[in-house]
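User: I want to know what stands behind the labels in this model. Let us take them one by one.

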Amino acid sequence: MQTTSVLIQSLCVPCCNRCRYCLLFWDGRVEGADWERSVKLAARFLRELREQLPQIHSSFAFGYSMEHPNLREAIRTLRGLGSPTASFLQCDGMRMRTEGECRELMEMLLAEGVRQLNFTVYGREDHHDRFAGRRGDFALLGRMMGAAREAGLPFSIGIPLTGENCSQADQLVQEMKSTGAGEVRLFIPHGEGRGETMEPLRLCRRELKQLAPETRSLLNGEIYRTEADWLKETEPLRETRRQILISLRQDNIEDYEKKSALDLLREIEALDERYYGAFPDFRELAAEYGDAAGDRLYRIRDLYHRYRRLYARDRDLQLYDVTDERQSGSRRF
């Protein structure tokens, strides 16, 4: 298994939303380590990794949202650390702003070198606000998109497609295209974090076929296939690479500060090996849990994750979950 990248993160900034499929289980409690302390440690880890393992891409990011209390300085810090998020901003869960405040934000972002924004829209206004857990969020995104367009700051829009919002998709796509977005794309939500609760709403092929051809074309049919289609593949996924996630938390920062980046990397790689070593390969899992007639749409890694979760549940496996992105762990691909 080859480690190809290391992401260092600190979930130290609150999010203003409570999205139903939150990967990070956001519940209002900030678990990330203090910002200044996180930046200091991240800078040392990045320096050590780039000196000792230059073939591995390493970067730093923060969350739960990008609504840093001093966003201008945070972007400058990210740029100084060579982070790609210094030029790309995910604009979900930001605080409420008036039109004037949105214009000020976009002008600042443009001046600080941000070159691309992304917005996630969960449905038309009422549905979106319920999904995001905040009334007025849809309108806020509209104000921010308008301000970005006026400032000449490019942006894209992602729409998670489910059995619950698919009846709105045709009209929603047309509305989003009219915003001036450089790209509007559809995607099937992940099943991790709080997204596990949305499994009954996963889009099926029949629902997809009911959409207009123009709308369907925005969903990548190579990436998203039915369970039945994936099970026809001899070897749909060979996991040969991984990203290591170092999550700087209030409960581990003191321990991490005593370690070298390389030592910590090896520790997390060992957690990765123990976790994935507890599961059989995809074909064996599919033989037990796969539905050869399953018509719900998945990315292959999401389907693999679902099978592993079922296997762990049925055998009461007590494992450190390296896929829980609130803590240090890994991503295999």
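User: What makes residues of helix α4 (residues 125-132) count as buried, and which are they?

Analyst: First, the model is predicted: local features need pLDDT of at least 70, side-chain atom pairs count only at pLDDT 80 or more, and totals for chains, interfaces and linings use all residues. Residues are numbered from 1 along each chain as its sequence is written, and side-chain values use heavy atoms, without hydrogens and water. Buried means under 20% relative accessible area (1.4 Å probe, protein chains only). His127, His128, Asp129, Phe131 and Ala132 of α4 are therefore called buried.

User: What do the buried residues of α4 pack against?

Analyst: They pack against β4 (116-120) and α5 (137-151). Just after α4, Gly133 has a positive phi of about 75°.

User: Which residues are the closest to the centre of the largest pocket, and what is its volume?

Analyst: The largest pocket holds about 1,500 Å³. Its lining has 42 residues; Leu23, Leu24, Gln90, His190 and Glu325 are the closest to its centre. β2 (57-64) gives the most to this lining, four residues.

User: How does the lining of the second largest pocket divide by class?

Analyst: Seven residues are nonpolar, five polar and 10 charged. Helix α13 (residues 300-314) supplies the largest share, five residues.

Note on methods
Buried < 20%, exposed > 50% of the residue type's maximum accessible area, 1.4 Å probe, protein only. Helix = DSSP H or I, 4+ residues; strand = E, 2+ residues; numbered from the N terminus. Contact = heavy atoms within 4.5 Å. 1 Å grid on protein atoms, 1.4 Å probe; cavity = no way out; pocket = protein on both sides within 12 Å on 5 of 7 lines; lining within 4 Å. Points joined across faces, edges and corners; volume = space filled by probe spheres on them. Nonpolar A, V, L, I, M, F, W, Y, C, P; charged D, E, K, R; others polar.
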